[in-house]
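Reader: Hi! Could you walk me through this one?
Author: Happy to, let's look together.

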Amino acid sequence: MDERLKIQLNAENSNKLNQIYQFVNENSFLLDNKVSSRNGLANQLFGDYLSLLGGKWESNPNLFYSDFKKKILNHNHDHSLDELVKLERHNRDLMNMILYLTMDINRSMMRGDMKSYEKLQSMFRNGTTENNMYAVLANLVYQDNQALLKNHIDKEKT
């Protein structure tokens with residue numbers, strides 16, 4: 001059934017929709033599908049919200065709407081601080097392993113030595129080749145982040 005329904009927003013929700021529409025137009029990469037109008041954005045947001053609510057009520061028919069709203073708006077999801085710290089450490093360890101592998105690949109290519117991983121040194125020990133590579137990469141990432149932040153601030157000013 002293709003039924004159209006007209007919904008009138010109050011002034012506060014209309015302003016919120018305008019702000020979000022302006023934001024997603026400036027950052028369209030954040031959405032899965034590009035929206036071309038406020039109406040399209042409202043339909044996408046409303047559809048997503050209704051899907052979440054419908055799914056919650058299917059799994060728990062006795063869930064009060066106020067409890068659902070608290071869960072949606074609560075930024076402290078079900079993860080404890082200890083779990084998040086463990087996850088962050090694990091991710092940092094994986095990132096460091098990837099950095100070491102990248103350094104090893106670079107050394108192997110430069111020297112033609114397929115067992116150069118046995119000669120890797122700490123990227124945190126001052127003066128090592130790995131430390132120099134790490135410093136260059138860290139500086140590059142820092143410059144990229146600064147340029148991205150400056151670009152974002154400049155967009156907000158215009």
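Reader: What is the mean pLDDT of the chain?
Author: The mean pLDDT (the predictor's confidence in each residue, from 0 to 100) is 82, and 96% of the residues reach 70 or more. This is a predicted model, where local features need pLDDT of at least 70, side-chain atom pairs count only at 80 or more, and totals for chains, interfaces and linings use all residues. Residues are numbered from 1 along each chain as its sequence is written, and side-chain values use heavy atoms, without hydrogens and water.

Reader: And where is confidence lowest, and where highest?
Author: Helix 4 (residues 81–111) is lowest, with a mean of 79, while helix 1 (residues 11–26) is highest, at 91.

Reader: How many helices and strands are there?
Author: Five helices and zero strands, counting DSSP runs of H or I with at least four residues as helices and runs of E with at least two as strands, numbered from the N terminus. The chain is more spread out than a compact globule, because its radius of gyration is 25 Å, well over the 15 Å that the globule rule gives for 158 residues. That radius is taken over C-alpha atoms, and the rule is 2.2 Å times the number of residues to the power 0.38.

Reader: What box do the C-alpha atoms fill?
Author: Roughly 70 × 45 × 30 Å, along the principal axes.

Reader: New topic: what share of the residues is buried?
Author: Buried residues (under 20% relative accessible area, with a 1.4 Å probe and protein chains only) make up 15% of the 158.

Key. Buried < 20%, exposed > 50% of the residue type's maximum accessible area, 1.4 Å probe, protein only.
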